[in-house]
Amino acid sequence: MSRLCRPVLGLASLAFAAFAAPTSAQQAPDTIATVRARDHLVCGVPINAPGFALPDPRGVFHGLDVDSCRAVAAAVLGDVNKVRFVPTTTQARFTALQSGEVDLLARNTTWTLAREAQLGLAFASISFYDGQGFMVRQGSGITSARQLDGATICVLPGTTIERNLADYFRTNNMRMMPVVIEQPEELRQAFIAGRCDAYTNDASSLASFRASQGKAGEQYVLLPEIISKEPLGAMVRKGDWKWFDVVRWSHFAMVAAEEMDITSRNIDSFAGSQNPDVQRFLGRTGDLGKALGLDNDWAVRIARQVGNFGESWERNITPIGLPRGINNLWTKG
């Protein structure tokens, strides 16, 4: 077992204790069987989010959330291309998963107790540690969120972002006027048009928006304050714990590969490694794939076809200007 997997296993144990399946005569769903019978995964992702989920001119999706979906497809179906991506709105994302429209939700969604306790859904992993920030125009003269007293602020309704905004201003005895618009693109256009003094969202989403503006994005500035903890990750329906395991450990496989310096380019060079951690990762020992209901090459396919987590980060997040920061490996601080 790798050093990385020791704390990870502890976290998994806590999660499984908290989400123990209730005793019921009703047959549990089998998402793995459904996905295999369909021969493709249906994955809910953000709408037009550079760095996380965005189709290129050929219609091929790219992004960190996209790679989360592709890793599961590689593990279960053996092919990263066997995914149908469904862009979901903030308002419809949970319903899409609850109804079975999507098998997996990977779209900048914050892990909260209320969501996990009330929606019949469970977070399988954290793919991005984020926090809520503010964006203003370069020439506004605003350099701190504490200067936003009395400002108009663009915010999405029905989100943790809206609640955090209200809490922050209340705590600091400041006033603000929210400009609430349900559609993310319309909200961004309102900010661009000057209908609000600031735009608040997860810092990753703000950076993604700025990157999407090309040269014009240089006129927008991220303020230094981060006012919340926003662990973002993949969600599945409760009750199908085998599927939960597969989604969770597909992400962990990408992290473990990075820790062991296994990449999509060099994985074949590890074939002769005598490192016990590498042997387990390659499926030579341990029968870990069998425990997940997969074959023992599942992690190899993820590493070869998607890459490790660092490769995904460099490919998707580095270009939008976000440092690795607290999303780095534990071995790197």
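Modeller: On a 1 Å grid over the protein atoms alone, a cavity is a set of points where a 1.4 Å probe fits but cannot get out, and lining residues have an atom within 4 Å of a point. This is a predicted model, in which local features need pLDDT of at least 70, side-chain atom pairs count only at pLDDT 80 or more, and totals for chains, interfaces and linings use all residues. Residues are numbered from 1 along each chain as its sequence is written, and side-chain values use heavy atoms, leaving out hydrogens and water.

Biologist: Why is a probe used?

Modeller: Rolling a probe the size of a water molecule over the atoms shows where empty space is left.

Biologist: Which residues line the largest cavity?

Modeller: Its lining consists of Ser 68, Ala 71, Val 72, Leu 104, Ser 125, Ala 234, Val 247, Ser 250, His 251 and Met 254. Helices are DSSP runs (H or I, at least four residues), numbered from the N terminus. Helix H3 (64–77) and helix H9 (241–259) each supply at least two residues of this lining, and H9 gives the most, with four.

Biologist: How do I read the lining of the largest cavity by residue type?

Modeller: Ala, Val, Leu, Ile, Met, Phe, Trp, Tyr, Cys and Pro count as nonpolar, Asp, Glu, Lys and Arg as charged, and the others, Gly among them, as polar. The lining of the largest cavity has six nonpolar, four polar and no charged residues. For the second largest cavity, the lining divides into three nonpolar, five polar and two charged; among its residues are Asp 65 and Arg 107.

Technical notes
On a 1 Å grid over the protein atoms alone, a cavity is a set of points where a 1.4 Å probe fits but cannot get out, and a pocket is an open set with protein on both sides within 12 Å along at least five of seven lines; lining residues have an atom within 4 Å of a point.
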